Amino acid sequence: MARSVVAVAILVFVSASRISGDSSAVDLLGNSYIRRQSLDSSLCAQLIQPSGYPCSEHTVQTKDGFLLALQRVSSRTGNIRQQRGPPVLLLHGLFMAGDAWFLNSPEKSLGFILADHGFDVWVGNVRGTRWSHGHISLSVKDKDFWDWSWQELALYDLAEMIPYINSITNSKIFVVGHSQGTIISLAALTQPDIAELVEAAALLCPITYLEHISSRFVLRMVHMHLDQMILAMGIHQLNFRSEWGISIFDSICDGRIDCNDLLTSITGENCCFNNSRVDLYLEYEPHPSSAKNLHHLFQMIREGTFSMYDYGILKNLKLYGQLKPPAFDLSNIPKSLPFWMAYGGNDDLADMIDITHTLKELLSTPELLYLENYGHVDFIVGVTAKEDVYDHLIKFFKSWKRSSSVM
Ligand SMILES: *[C@@H]1O[C@H](CO)[C@@H](O)[C@H](O)[C@H]1NC(C)=O
């Protein structure tokens, strides 16, 4: 049984890799995504401006040549002369992108709600996502285009986005991260030159350690060594948005895991997920990521570390000057940096034991919001997230910017 699963998985990924660079990849639920993509390719035009919010596209270039899209969103009602509020940078999770903050109605989506409150909203899109597919010399078909993990998202992508926003707004920045967006925020904040530009951070489903992850789906992939298989086969881009994507899930859901409710088996049970919006969500998610990133995350699960990418002892020695990859030291984050964290009792990815581990290593004492019935995606698209989560988050940010004229 196990062997046949592996064989199917390999087949699926080989097939996936052949079409992964193909922009006409077929949507999991038909082809509405293709229609939208061919009409217009900017996030502002597709999802934000249609709701009446002013939105502008910005591009930043990383030290290693990636061209990342940032969107700047402001309030529907604000006039041009009105001073903008403090900047907030939104950092999405794995296999997501900046669209994740705008997928529900304006009254329920954090990106819109922050703009309504007068914040100067900046939407991050990490390398590899559909909005940040550019590079000065590489194409998505090159294997080097996918030669990164969340380490580079923290140390290159964030290291460019945050100073860029600071240079335009001349203000310290509030950061909001979800899931992988919290991994890269916390890793980046261990760097003093980034931390000094950040006013405060609000983390939804905070993750650094992944040792106690309980997602059946993820643990199954870890035990199958799917990450190593993929890399060994020379596959670099992970793109589940392909006609083979569903087969990947089928190969993992072979009876040992009940995948009738696929989302639940990945994220834990979500209390407040609106099933009627799945078609819309699937027009945007999932976004691609790299096979190396998946491997890095699985290393964290296997080794219980919050460290740089493990290349094996020889290359580690060459790159890092030591046998094991250096850990990101959370105690390097300034004690004075205010944190707010929200986490859920049904979240199978951000486990409470792992969050406690993170809290123990941080010098500062975050404000915490615990929601017993919340799963991993409730924090992004939950129908009651505004009352349960976002109102508290905004109150936290406002408590650090009392003097602002807009707030
Ligand atoms: C769920 O989604 C549907 C379809 O978009 C929408 O009409 C409905 O208002 C949503 N329900 C809630 C509680 O937000």
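Where does Pro286 lie? I began there and found Pro286 in the loop between helix 12 (278–284) and strand 9 (289–290). I looked at its peptide bond too: the one from Glu285 to Pro286 is cis, with omega near -5°. A reminder to myself: this is a predicted model.

**Entry: the annotated site**

Next I checked the UniProt record. The unreviewed entry places the feature "active site" at Ser179, Asp347 and His376. These positions are spread over 198 residues of sequence, yet they cluster in space, with a largest C-alpha distance of 10.6 Å.

I took Ser179 first. I found Ser179 in the loop between strand 6 (173–178) and helix 6 (180–189). Is Ser179 buried or exposed? Ser179 is buried, because 27 other C-beta atoms lie within 10 Å, and 20 or more are enough to count as buried. Leaving aside neighbours within four places in sequence, I listed the contacts of Ser179 as Gly93, Leu94, Cys205, Ile207, Leu349, Ala350 and His376.

Then I turned to His376, in the loop between strand 11 (367–371) and helix 16 (378–381). His376 counts as buried, since it has 27 C-beta neighbours inside 10 Å. Beyond four places in sequence, His376 is in contact with residues including Ser179, Asp347, Cys205 and Thr267.

**Entry: another positive phi**

I also noted His225, which has a positive phi of about 55° although it is not a glycine. His225 lies in the loop between helix 8 (216–223) and helix 9 (226–232). With 15 other C-beta atoms within 10 Å, His225 is partly exposed.

**Entry: the ligand**

Which residues surround the ligand? I wrote down Asn274, Ser276, Arg277 and Val383. This shell divides into one nonpolar, two polar and one charged residue.

**Entry: helix 15**

Last, I looked at how helix 15 (residues 352–361) sits. Its buried residues are Asp354, Ile355 and Thr358. They cover an arc of only 100° around the axis, so they are on the same side of helix 15. I recalled the general rule: an α-helix has 3.6 residues a turn, so residues three or four places apart point the same way. On the face turned away from the buried side, helix 15 carries the exposed residues Ile353, Thr356 and Lys360. I then asked myself what covers the buried residues of helix 15. The cover includes strand 10 (339–344).

Methods:
Residues numbered from 1 in each chain as written. Predicted model: local features only at pLDDT ≥ 70, side-chain atom pairs only at ≥ 80, totals over all residues. Near = placed C-beta within 6 Å. Nonpolar A, V, L, I, M, F, W, Y, C, P; charged D, E, K, R; others polar. UniProt positions renumbered as here; feature names shortened; annotations may be inferred. Helix = DSSP H or I, 4+ residues; strand = E, 2+ residues; numbered from the N terminus. Buried ≥ 20, exposed ≤ 12 C-beta atoms within 10 Å, placed from the backbone. Contact = placed C-beta atoms within 7 Å. Arc of directions from axis to C-beta.
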